[in-house]
Structure formats: C-alpha cells, structure tokens
Amino acid sequence: MKKSRIILAKCGLDGHENGIKIVSQWLKEEGFEVLYIGLYNTPEGIIRTAIEENIDIIGLSFLEGSHLYYFEKIREIAKKRGLENVKFVIGGVIPPEDIAILKKMGVDEVFTPGATREAICKGIRSLCK
C-alpha cells in the first residue's frame with residue numbers, strides 16, 4: 001500500500017515551529033511520508049511543492065491569527081492548479097469560532113493546542129482512505 005505523502009508548512013511571517021516539528025516526527029513514526037518545508041513559505045510555494053512532490057495532504061500551522069487570510073489564498077491557488085484531491089489540515093492557535101469557517105472554506109481537519117498525538121494521527125489517517 002502506498003504511503004500517504006504529507007507536506008507540513010508554516011506560511012507568512014510566523015516563526016514558531018516547535019509544534020509543527022513535533023507533529024512531523026509523530027506522523028513519520030506512524031508511517032506517513034512527511035516533508036516539512038519549514039518557515040516563511042508563500043501560498044504559491046506551498047502549492048508548487050505539493051504538485052512537484054505529488055502530495056496527498058497539506059498541513060499548515062498558524063499561531064498568529066493569519067489562518068483565514070492564508071488559507072483562502074492557498075485554496076484559491078490549489079483550485080487554479082487542479083489540486084482538487086488534496087486534503088487540507090490546519091493546526092495551531094485557531095479561535096473556536098473560526099473552525100466552522102475554515103471547514104466551509106475547504107479545510108478537512110483542524111487541530112488546536114492540546115490535541116493529542118493519537119487524535120492527530122487518527123485524524124490524518126482518516127483522510128487517507
């Protein structure tokens with residue numbers, strides 16, 4: 001069975017990456033093929049990498065409140081580039097009232113602070129079916 005390929009990225013100027021590095025390691029240990037592309041990415045760069053690497057899931061981490069702005073840009077570019085089958089996951093400091101908005105915009109899973117390794121891995125695995 002093919003391993004699911006996941007990109008994990010930070011977008012914009014948010015320089016906090018401890019959480020996303022930990023999640024990256026957890027997913028690798030669970031058997032996912034993970035490509036962490038680091039800090040300060042642009043929406044265009046994330047989508048370009050997703051296409052080049054034949055990615056199944058794009059995971060984004062936001063801690064500074066720019067999640068709605070950047071996800072709208074990422075989703076728009078993904079649609080233009082034909083990435084209709086890619087799943088989207090967002091983690092980080094997401095206000096509860098924004099979760100429904102993100103899901104309406106096309107986010108498949110949202111993980112907030114305190115999400116356990118088990119919950120994150122289970123949620124990602126459910127997207128791979």
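## Terms and model

Buried means under 20% relative accessible area, exposed means over 50%, and partly exposed lies in between (1.4 Å probe, protein chains only). The model is predicted: local features need pLDDT of at least 70, side-chain atom pairs count only at pLDDT 80 or more, and totals for chains, interfaces and linings use all residues. Residues are numbered from 1 along each chain as its sequence is written, and side-chain values use heavy atoms, with hydrogens and water left out.

## The sheet

Five strands make an open, parallel sheet, in the order β2-β1-β3-β4-β5. Strands (E, at least two residues) and helices (H or I, at least four) are DSSP runs, numbered from the N terminus. Two strands pair if DSSP finds at least two bridges between them. At the edges sit β2 (33-36) and β5 (109-111), each pairing on one side only.

Strands β3 (residues 57-62) and β4 (residues 87-92) pair over six parallel bridges. Ser61 has Gly91 in β4 as its bridge partner.

## Salt bridges

The whole structure holds eight salt bridges. Each needs a side-chain nitrogen of Lys or Arg within 4 Å of a carboxyl oxygen of Asp or Glu.

Arg5 and Glu53 form one of them (2.8 Å, N to O). Arg5 lies in strand β1 and Glu53 in the loop between α2 (43-52) and β3, 48 residues apart. Arg5 is buried at 16% relative accessibility, while Glu53 is partly exposed at 32%.

Lys80 pairs with Glu76, the closest N and O atoms being 3.8 Å apart. They are about one helical turn apart because four residues separate them in helix α3 (residues 67-80). Lys80 is exposed at 67%; Glu76 is partly exposed at 37%.
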